[in-house]
Amino acid sequence: MPAGRFLILPLMTLLLAAKPPGKPAAGVSSMTAEEASAMAREIMPKVEEIRGLKFKQDVPVRVVDDVQARAHFQSRIEKFWPESQIRAEQTAYIQLGLLPAGAELKGSLFALLEEQAAGFYDPDSDTFFVLGDMPRSSAPLLMAHELTHALDDQHYGIDALIEKTRADEERAAGVSAVVEGSGMLVMTLFLSKEMLAGNLDLAAIAELGQSEAGRGDALKAAPPLLQRGLLSPYLLGQTFLLRGDLSNISSGLRAADLDRAFRDPPLSSEQILHPEKYWDDTKRDPPRPVELPDPCAALGAGWSRTGQGDLGEMNIAILTGSVPLDLLSPEATGPGAWTNEAAAGWGGDQWSLCGSAGGRHVTLLATLWDTPEDAAQFESALAPAAGRLVIRRRDAVVLVAGDAGDRAGSLATSVLDSLAPSPSASTR
């Protein structure tokens, strides 16, 4: 689910960053194109100073309405998220228990984007778009974030980075965390500098909390899978770029760390959740590849694979009972709210969706773990569910859900036979 590929700043994250005191300011002021462009020109040098890079060219600014924003989101979906993949993910996530029965994945994501977006940067046109009904008081923070995207895009080519991860959601999560973490880090430092200079009145930002986006009704009601997909690149990305310690922000932005992360992005949500597995070369832990031949033949004639993908540690944690995320808690910026012991030790995974000519579906999830003990802990944490079979062998766990019937066991066993154990696991 490419929520992190829209290059927006969810306005709920502004509330977390600013925590404005005082009474809300009255009303929401729209901005004209001239006002937005003038504000962007004023903020660009400040972003350059914080980020340690120079803009290679001016960034056009346009003011758009909700209809134009929706058209942009639709075009990004068509570019990076084909309709066939949307349907496959929706079915697989429902069968695995990551989405409730009857959930409509694309529509739910649109609802979140429309509620939370106040502006976005478009790498295709190199343009920063501002929604006309954005709260004026939050505009400087939004612009600092989105102009950082423009600056990073001019130096690293954001869509080229995204394109390389098209078939790998875990790598895509790593790129999104770097891109959005950079925007959050610059925005946070910008906020601090503007407050010290007396240029930003946090009391005024309280009006954001009274807006539809600030209340975040759709976001709070969304399934954890969608909440995490939208917010994790921002809240965890900044922490990741600070090497897992938010107090490092007191010494400013480390341009060399951001350069390394853009040129060699993390490979998984595990490395985002546990930054030492990226930054410490002695602990670096890339995911183990899970490459299955088409497993659907074990279901018999008429079955074929219609989709595949991966979940990663963060989504595996949903399956193993991770606590609901408090969107505005300080804990949301650290891994404790996003993972749990049963998901830690993740090594790699792949899900496959099998479809039959009669419209039946089966979802298979194959997982590899760092140790057999990690695999056993994951297996034990899975709550029993009707129509679901779970089988473990050494450091591998296979889950079958859906319409497999009495073929579920043979399907799971054939997949386990194709998974190579790690050298350490094969001896235990």
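A word on the ground rules. The model is predicted, so local features need pLDDT of at least 70 and side-chain atom pairs count only at pLDDT 80 or more, while totals for chains, interfaces and linings use all residues. Residues are numbered from 1 along each chain as its sequence is written, and side-chain values use heavy atoms, with hydrogens and water left out.

Let's start with the overall picture. The protein has 18 helices and 8 strands; these are DSSP runs, H or I of at least four residues for helices and E of at least two for strands, numbered from the N terminus. Of its 428 residues, 57% are buried. Buried here means under 20% relative accessible area, exposed means over 50%, and partly exposed is in between, using a 1.4 Å probe and protein chains only. Now take contacts, meaning heavy atoms within 4.5 Å. Among those between residues at least 6 apart in sequence, 74% join residues at least 24 apart.

On to the strands. How many of the residues of strand β5 are buried? For residues 346–356 it is 11 of the 11, so β5 is largely enclosed by the rest of the structure. I call two strands paired if DSSP finds at least two bridges between them. β5 runs antiparallel to β4 (residues 303–309), with 6 bridges joining them, and Ser-304 has Gly-355 as its bridge partner. Strand β6 (residues 361–369) is also antiparallel to β5, through 9 bridges, one of which pairs Gly-348 with Leu-368. β5 and β6 make a hairpin with 4 residues between them, and in that turn Gly-359 has a positive phi of about 85°.

The arc is taken from the directions from the helix axis to the C-beta atoms.

Helix α13 (residues 255–263) is my other example, with Asp-257, Leu-258, Ala-261 and Phe-262 buried. Those residues cover an arc of only 130° around the axis, which puts them on the same side of α13. Over on the other side, Ala-256 and Arg-263 are exposed. As a reminder, an α-helix has 3.6 residues a turn, so residues three or four places apart point the same way. The buried residues of α13 pack against several helices, including α2 (33–51), α6 (139–156) and α8 (169–196).

That brings us to the aromatics. Rings of Phe, Tyr and Trp (its six-membered ring) pair if their centres lie within 6.5 Å; planes under 30 degrees apart count as stacked, over 60 as edge-to-face and the rest as tilted. The whole structure holds 8 aromatic pairs. In one of them, Tyr-156 and Phe-262 have ring centres 4.5 Å apart and planes at 10°, so that pair is stacked. Tyr-156 sits in α6 and Phe-262 in α13, so the pair ties together parts that are 106 residues apart in sequence. Tyr-156 and Phe-262 are both buried. For Tyr-278 and Trp-279, the centres are 4.8 Å apart and the planes at 85°, so this pair is edge-to-face. Both Tyr-278 and Trp-279 are buried too. Elsewhere, Phe-73, Phe-120 and Phe-129 form one aromatic cluster.

Last, the cores. A nonpolar core is a set of buried Ala, Val, Leu, Ile, Met, Phe, Trp, Tyr and Cys residues joined through side-chain atoms within 4.5 Å. The largest has 105 residues, and Met-143, Leu-147, Leu-311 and Ile-316 have the most contacts inside it. Its largest share, 11 residues, comes from α8. Which residues does Leu-311 touch, not counting those up to four places away in sequence? Among them are Tyr-93, Leu-96, Ile-316, Trp-351 and Leu-365. There is also a second, separate core of 20 residues, which includes Val-398, Ala-408, Leu-416 and Leu-419.
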